[in-house]
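Here is a short briefing to read alongside your viewer.

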Amino acid sequence: MIVVLRNLDYEQLKKKLDPDDKIVVWSCNDCTKYCDLGGRKNLKALAEALEKDGFDVIRQELVGVSCQPPLIRERTKHKATKEIYNNATAIVVLACTDGFLKVQRVFRKKKIIQVGASVGLGAYSKKGGMRLVIPLEETGLAPSVEGYTLEEAARKLKMQSGPVV
Amino acid sequence: MVCAVEAVPYEKIKAQFKKGERVSIVTCNTCTRSQEAGGAKLMEEISQKLVQDVGIEVVEEIVLTIGCNFDYYDYAKPTSDVDKILCLGCWAGWSVIKRKFPKIPVVAGVRTLGVPAMNEMLQVVTPEGVES
């Protein structure tokens, strides 16, 4: 699985949004969920926090995997979502780097906000959560069979882990 | 989900086994299968070839829905009574097996190329003990 950490906290995210933005909060339901950044629960929490702060969230979108362009394009064509995406001005993406870039490619004219970034490959267990075992070269971290907890990896990489709110 | 992988050439895998060795083979059925570096069918083919060409004893063959999840591997109740384990999963899957059985040599039958980011491939660090 791809390990996804955060580049933004909630306050930084809000600064990237305009008060009149029509916002879709988008989440991948695979790797990003296992990293406790995305998934149904975190998507809902973030959307509700933004609404509470006065932002206009017009849709919460949970996608099986965000790294598959056909699943993204489907949203622009399907009768249930086409209009919503026509009206949206900003999409907040809870996904890995690949998932973010693919959303950005499909919705070229919209403001796409990257929250997560890929930092390597991880191994997951219910008991231990996600652990980074095969880091990207660019992180400067060594591979580890024991793995780095996401908190530990985030601290070393000066990033953040876990849900936005 | 998808990390980029490629199969280690069979001759290189074969060279790491000896006649009579008791072997467990584990494959991931997600990323490696979709890139034809693993999966049930390929695992059976490699297993049969290793038996014929080298004379190993295949003790068990395990197909995991995803190889980088400890819970799936535990649920399969893998045996520790083997000389070697052949992993047809990415290096994250290989790490799962290494952590569970630190004293058993784990042969990596798959090479991990990196993490895709649109048209780029983000390179990963190669762990010690795998075919790079």
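In which loop is the place of Met118(B)? Met118(B) sits between strand S6 (110–117) and strand S7 (120–122) of chain B. Please keep in mind that this is a predicted model.

**Chain B overall**

- Chain B contains 5 helices and 7 strands, and along the sequence they come in the order β-α-β-α-α-β-α-β-α-β-β-β.
- The radius of gyration of chain B is 14 Å, which agrees with the value near 14 Å for a compact globule of 132 residues.
- Along the principal axes, the C-alpha atoms of chain B fill a box of roughly 45 × 30 × 25 Å.
- Of the 132 residues in chain B, 45% count as buried.
- Among contacts in chain B with a separation of 6 or more, 62% come from residues 24 or more positions apart.

- Most residues other than glycine have a negative phi.
- Met118(B) has a positive phi, near 60 degrees, although it is not a glycine.
- Met118(B) counts as partly exposed, because it has 15 C-beta neighbours inside 10 Å.
- Lys77(B), also a residue other than glycine, has a positive phi near 50 degrees.
- The loop that holds Lys77(B) runs between helix H4 (70–75) and strand S4 (84–88) of chain B.
- Lys77(B) counts as exposed, because it has 8 C-beta neighbours inside 10 Å.

**Helix H5 of chain B**

- Why is helix H5 (residues 91–100) of chain B described as largely enclosed by the rest of the structure? The reason is that 8 of its 10 residues are buried.
- The buried residues of H5(B) are Trp91(B), Ala92(B), Gly93(B), Trp94(B), Ser95(B), Val96(B), Ile97(B) and Lys98(B).

**The largest nonpolar core**

- The largest nonpolar core has 95 residues, and those that touch the most other members are Val25(A), Ile91(A), Val93(A), Leu121(A), Cys87(B), Cys90(B) and Ala92(B).
- Domain 1 (2–117) and domain 2 (119–157) of chain A both give residues to this core, so it lies between them.

**Where chain A meets chain B**

- The two chains touch through 29 residues of chain A and 24 residues of chain B.
- On the chain A side, helix H6 (97–106), strand S6 (116–125) and strand S7 (129–135) are the elements that give two or more residues.
- S6(A) gives the most to that side, with 7 residues.
- By class, the chain A side has 16 nonpolar, 5 polar and 8 charged residues.

**Domains of chain A**

- Chain A is divided into domain 1 (2–117) and domain 2 (119–157), and their C-alpha centres lie 24 Å apart.
- The contact between these domains involves 6 residues of domain 1 and 11 residues of domain 2.
- Strand S1 (residues 2–6) of chain A gives the most to the domain 1 side, with 3 residues.
- The domain 1 side that touches domain 2 has 6 nonpolar, no polar and no charged residues.

Methods:
Residues are numbered from 1 along each chain as its sequence is written. Chains are lettered from A and ligands numbered from 1 in the order in which they are written. This is a predicted model: local features need pLDDT of at least 70, side-chain atom pairs count only at pLDDT 80 or more; totals for chains, interfaces and linings use all residues. Two residues are in contact if their C-beta atoms, placed from the backbone, lie within 7 Å. Helices (H or I, at least four residues) and strands (E, at least two) are DSSP runs, numbered from the N terminus. Ala, Val, Leu, Ile, Met, Phe, Trp, Tyr, Cys and Pro count as nonpolar, Asp, Glu, Lys and Arg as charged, and the others, Gly among them, as polar. A residue is buried if 20 or more other C-beta atoms lie within 10 Å of its own, exposed if 12 or fewer, and partly exposed in between; C-beta atoms are placed from the backbone. The radius of gyration is taken over C-alpha atoms; the globule rule is 2.2 Å times the number of residues to the power 0.38. A nonpolar core is a set of buried Ala, Val, Leu, Ile, Met, Phe, Trp, Tyr and Cys residues joined through C-beta atoms within 7 Å. Domain bounds come from an automatic or database domain assignment.
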